[in-house]
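Student: I would like to learn how to read salt bridges in a model. Where do we begin?

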Amino acid sequence: MLNKSFKRIHIVVMDSVGIGEAPDAKAFGDEGSDTLGHIAEKMNGLKMPNLEKMGLSNIRPFQGIQPIDVPSSYFGKMKEASVGKDTMTGHWEIMGLNITQPFKVYPNGFPNELIKTLEEKTGRKVIGNKPASGTEILDELGQEHMETGAIIVYTSADPVLQIAAHEEIIPLKELYSICEIARELTLEPEFLVGRVIARPFKGQPGTFKRTTNRHDYALKPFERTVMNELKDANYDVIAIGKISDIFNDEGVTESLRTIDNMDGMDKLSQVVNKDFRGISFLNLVDFDALYGHRRDPIGYGEALEAFDSRMPEVLNALTNEDLLIITADHGNDPTFPGSDHTREYVPLLAYSPRFVEGKELPLSETFADIGATIAENFNVPMPKFGRSFLSHLN
């Protein structure tokens with residue numbers, strides 16, 4: 001049993017790094033999915049010495065990563081209790097919720113009724129209306145958009161509606177207004193999506209580039225999360241990357257934007273060296289957005305190795321008052337057909353310099369075990385779902 005609680009808990013979500021099909025994978029069409037396992041095979045073995053020492057292959061074997069006799073971290077795996085396999089559902093569950101009404105995804109584009117209403121209310125024609133990569137759709141439709149003023153609407157495997165527009169054709173103020181209209185329309189149960197995203201870009205055909213003026217219009221979590229409890233108890237909740245967007249700023253005391261995984265690690269390193277009391281919460285989106293959806297196992301593997309190479313600067317900055325939790329929010333096996341997320345177990349690694357040696361944690365029946373552990377540590381109201389594993393961390 002711990003003698004005292006941790007002053008700071010840092011949660012790192014490796015977006016989409018699943019570790020093998022969940023028991024209910026068949027219901028999601030994901031039998032045989034294994035994001036990390038299949039990537040390791042395609043790479044002829046992953047080189048991740050830092051997560052290896054923490055005990056990643058003690059959870060289950062991965063090619064190139066060896067089990068450790070005395071791992072530095074407590075290790076285990078978690079399965080998702082909620083009905084979805086998207087980013088919002090996974091993150092909300094981590095913070096103590098159980099999502100029973102799934103967000104909607106649109107693998108064939110959005111319903112004509114929704115698109116027609118959006119055109120009527122915005123006065124702009126819609127082009128696209130299909131799942132697409134955010135860069136590829138600009139190459140395909142950017143010139144038509146510039147010539148006609150039509151807005152580019154597209155989606156992905158996540159429950160999102162994205163609207164792209166050239167900043168010199170549709171001013172940012174108008175684009176944001178269009179997205180606000182789309183947000184209101186997609187609050188209806190028959191259209192329910194998690195986020196509407198403004199995707200402004202600049203340039204000319206062949207050289208289009210998205211700008212940093214992206215803006216997300218997200219749903220608020222349906223209930224209070226552990227983040228709300230922490231904030232109300234005057235603890236710090238530092239959101240890094242797209243965490244603020246995922247939670248619509250609910251329960252956030254400070255938000256640090258990032259441009260990619262490496263910038264995310266830069267920000268995490270800064271936060272770890274900061275004196276605060278509460279949590280930091282980082283999402284590393286590149287694994288999912290750049291490699292999982294684009295079905296690029298080699299790029300994914302190289303990104304994992306790059307992430308691992310950054311771990312020493314974080315681990316070496318931690319003190320006995322810190323707890324680091326590394327996990328994921330769903331799978332996205334790049335060797336699977338299509339570009340959808342996959343229903344998988346996710347890893348759970350918990351490290352503090354105060355630990356003498358790591359041991360195996362009981363199987364988590366819900367991602368909310370992390371939220372429950374955080375709540376117990378800071379003595380704030382426990383979430384309705386999840387069981388704390390704090391007492392297992394000797």
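**Overall fold and salt bridges**

Tutor: Begin with the overall size. This is a predicted model. A compact globule of 394 residues would have a radius of gyration near 21 Å, and the protein chain has 21 Å, which agrees. The chain holds 14 helices and 13 strands, and 59% of its residues count as buried.

Student: How many salt bridges does the count come to?

Tutor: Side chains of opposite charge can pair when their charged atoms come close. Here the count comes to 24 salt bridges. One of them joins arginine 8 and aspartate 275, with 3.9 Å from N to O. Arginine 8 is in strand E1, whereas aspartate 275 is in the loop between helix H10 and strand E11, 267 residues apart.

Student: Is arginine 8 buried or exposed?

Tutor: Arginine 8 is buried, as its relative accessible area is 6% and the cut-off for buried is under 20%. Aspartate 275, at 62%, counts as exposed. Both belong to a salt-bridge network that also includes Lys7 and Asp322.

Student: Which residue forms a salt bridge with lysine 79?

Tutor: Glutamate 365 does, at 3.0 Å from N to O. Glutamate 365 lies in the loop between strand E13 and helix H14, and lysine 79 in the loop between strand E2 and helix H4, so the pair ties together parts 286 residues apart in sequence.

Student: Where are arginine 310 and aspartate 266 in the chain?

Tutor: Arginine 310 is in the loop between helix H12 and helix H13, and aspartate 266 is in helix H10, 44 residues apart. Their closest N and O atoms are 2.5 Å apart. Arginine 310 counts as buried at 13% relative accessibility, while aspartate 266 is partly exposed at 32%.

Technical notes:
Residues numbered from 1 in each chain as written. Predicted model: local features only at pLDDT ≥ 70, side-chain atom pairs only at ≥ 80, totals over all residues. Heavy atoms only, no water. Helix = DSSP H or I, 4+ residues; strand = E, 2+ residues; numbered from the N terminus. Rg over C-alpha atoms; globule rule 2.2 N^0.38 Å. Buried < 20%, exposed > 50% of the residue type's maximum accessible area, 1.4 Å probe, protein only. Salt bridge = Lys/Arg side-chain N within 4 Å of Asp/Glu carboxyl O.
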